[in-house]
Amino acid sequence: MALAAARARVLRALSPPHPLGQVLVAARRRCSEAGAPGALPPGGYRAWQEQAARDPAGFWADLARGWLRWDSPFHTACQPGRPAGTARWFLGGRLNVSVNCLDQHVEKSPNRVALIWERDEPDTAVHVTYRELLDLTCRLANTLKKYGIQKGDKVAIYMPVSPLSVASMLACARIGAVHSVVFAGFSAESLAGRIVDSGCKAVITYNQGVRGGRIIELKRTVDEAVKNCPSIKHVFVAQRTDNKVQMGDCDIPLEEEMTKAASVCTPESMDSEDMLFMLYTSGSTGKPKGIVHTQAGYLLYAALTHKYVFDYQQGDVFGCVADIGWITGHSYVVYGPLCNGATSVLFESTPLYPDPGRYWEVVQRLKINQFYAAPTAIRLLLNYGEEWVKKYDRSSLKTLGSVGEPINKEAWQWFYQVVGEGRCTLVDTWWQTETGGICIAPRPSEEKAEIVPAMAMRPFFGIVPVLMDENGKVIEGNDVSGALCIAQPWPGMARTIYGDHQRFVDVYFRAYPGYYFTGDGAYRTKQGYYQITGRTDDVINISGHRLGTAEIEDAMADHPEVPETAVIGYPHKIKGEGAFAFVVLKEQVAHVDRVKEELKTIVASKIAKYAVPDHILVVKRLPKTRSGKIMRRLLRKVVTEQSNNMGDVTTLDDPSVVKEILDAYQKYKEKSSS
């Protein structure tokens with residue numbers, strides 16, 4: 001009944017039915033004739049959303065047949081799984097992901113640019129065509145096979161973003177090996193833990209990395225890691241710099257071996273539900289989880305969301321500045337864009353190197369059409385003013401995107417008005433490693449539909465969101481808040497946690513049986529749009545009032561001297577919980593106490609007096625993962641004085657920030673008690 005109600009709510013928001021079968025068949029025919037995905041047909045969003053909610057198996061089956069190249073057709077589009085809410089997709093079908101990303105485009109447009117490698121060194125971009133990328137992938141694949149890597153084997157990739165790292169992923173896909181990309185900034189201990197958990201047979205890495213003008217000793221980190229990884233047989237070492245590194249008995253000079261390898265590699269025909277890759281993501285407790293994604297369903301969902309959320313058109317230059325070590329890089333740097341035959345930018349550097357205008361200089365030089373970045377980077381650049389943006393021509397931009405965490409309104413407005421000149425569509429996207437691709441975003445939508453600032457808004461095709469109360473009941477109606485769940489499966493969702501399916505069930509399906517539990521809270525507006533309010537463990541109950549920490553943060557970020565905030569709940573003797581705010585101020589703020597009082601006034605006026613933080617602590621920076629997410633659980637441990645049990649901090653961009661915040665908190669506590 002709850003699923004039926006959720007579907008009905010989606011349908012009620014749509015126009016009267018269209019001839020759906022005709023719409024989908026026509027769309028499939030146009031894709032086939034053009035050799036590339038086409039635009040939504042007239043009324044397409046409403047028609048497709050209705051079909052996807054009412055008949056998900058039929059909807060996805062039709063698109064899968066037209067969008068992907070199959071070796072053997074599937075006989076069953078969707079088979080419900082256990083626990084309820086899971087599913088297996090496109091059963092009986094066989095295909096190869098690298099063929100879908102490379103060969104089909106080489107056949108039609110071999111000289112189309114697949115990748116533009118924006119290297120760390122400014123103005124040294126490298127263009128790689130689809131023909132060249134296929135050659136690179138096949139030589140790498142044959143090299144892996146030469147050294148015993150075969151279908152089903154696990155391969156760790158510890159490399160910064162580059163054409164060779166993309167080819168490494170695709171080479172694994174070509175021979176049926178499973179890649180596990182580990183962000184090339186993790187410690188040796190973190191790398192070793194992921195290798196051991198997945199049982200990788202080989203590591204692909206560079207001698208060194210280059211980022212922000214600094215040298216990163218990748219091979220040295222790998223050497224330290226593999227000492228504790230008995231499963232590793234070979235380490236393939238490529239050269240990013242001219243510096244020599246020590247080579248051991250299991251080390252293979254990658255480029256040297258690739259020059260000896262054949263440039264043709266027969267692709268392995270893979271079952272739709274075979275593993276494509278695993279990617280580790282940290283939870284609030286326990287060891288990192290190896291999230292498993294499979295072949296056809298993931299690829300289809302990544303390609304569709306890339307096309308329709310960003311309105312990608314053939315010939316566009318798509319600029320996602322994420323690292324391939326994260327799911328954003330997998331879905332929107334590699335698999336989604338390449339499946340669609342796009343030109344994808346690989347950004348190796350940082351937004352501040354050599355100056356705060358780097359992003360916008362790259363937009364001008366490469367003529368980027370879609371630009372996808374994290375709110376953390378936008379807030380960082382906001383601090384440097386408008387002159388670094390307006391120095392460069394951004395007229396090529398058509399779509400801006402935000403990813404990683406909810407973007408606050410000040411950053412949204414700056415991104416939209418300053419960077420996008422008030423003319424570019426800005427999509428605030430919500431999704432997770434586990435979802436495989438974007439689930440809620442302002443686009444696609446009916447033509448010229450409104451976009452509400454700093455709000456994800458609309459579910460993608462086939463995504464049926466529901467909000468749950470504390471008793472596990474579906475919350476009906478609008479203007480309500482609750483735990484965000486998804487009521488029916490979709491092809492891109494993860495299948496399991498590698499080696500621990502019970503943990504997968506417990507984390508995502510036990511809290512609300514029959515539903516996928518996202519771990520996030522959301523507010524459904526009066527218009528039926530969705531606003532992400534933050535993790536459910538970031539909801540504070542103040543004197544019976546439930547309040548998302550993101551709401552307080554958004555209000556405080558309106559202060560002109562406050563680029564970043566993080567709010568957590570802490571035990572309060574009278575109110576049950578209180579709000580504790582960590583605030584980063586702009587440089588050279590002279591009147592800190594006055595700013596604190598102004599922040600309290602803003603929160604009181606924008607939300608309510610009960611929402612005003614009891615404590616505001618000014619810090620130099622916030623604890624962030626390398627993907628830009630603020631680790632609020634660490635702040636909670638600081639305030640609740642559990643600093644002796646911080647848990648896994650290996651995903652932090654700079655672990656020294658923990659001691660920095662602890663020292664600031666201790667001084668604040670001593671001052672408050674004196």
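User: So what does the domain assignment of the chain give?
Analyst: Domain 1 covers 97-465 and domain 2 covers 543-673; bounds like these come from an automatic or database domain assignment. Before we go on: this is a predicted model, where local features need pLDDT of at least 70 and side-chain atom pairs count only at pLDDT 80 or more, while totals for chains, interfaces and linings use all residues. Residues are numbered from 1 along each chain as its sequence is written, and side-chain values use heavy atoms, with hydrogens and water left out.

User: Ok, how many residues does the contact take from domain 1 and from domain 2?
Analyst: Domain 1 puts in 21 residues and domain 2 puts in 18, with contact meaning heavy atoms within 4.5 Å. The C-alpha centres of the two domains lie 32 Å apart.

User: And how much area do domain 1 and domain 2 bury between them?
Analyst: About 1,600 Å², with 48% of it on carbon and sulfur atoms. That's the accessible area (1.4 Å probe) that two parts lose on being put together, summed over both.

User: How many salt bridges are there between domain 1 and domain 2?
Analyst: The count is 2, where a salt bridge is a side-chain nitrogen of Lys or Arg within 4 Å of a carboxyl oxygen of Asp or Glu. Searching the whole structure gives 37.

User: What about E118 and R365?
Analyst: Their side chains form a salt bridge at 2.9 Å, N to O. E118 sits in strand 4 (residues 113-118) and R365 in helix 13 (residues 358-366), so the pair ties together parts 247 residues apart in sequence. Helices (H or I, at least four residues) and strands (E, at least two) are DSSP runs, numbered from the N terminus.

User: Switching topic: at what angle do helix 4 and helix 11 pack?
Analyst: About 85°, with the axes of helix 4 (residues 56-67) and helix 11 (residues 296-309) 11 Å apart. Axes are lines fitted to C-alpha atoms, for helices over the stretch in contact, and angles run from 0 to 180 degrees between N-to-C directions.
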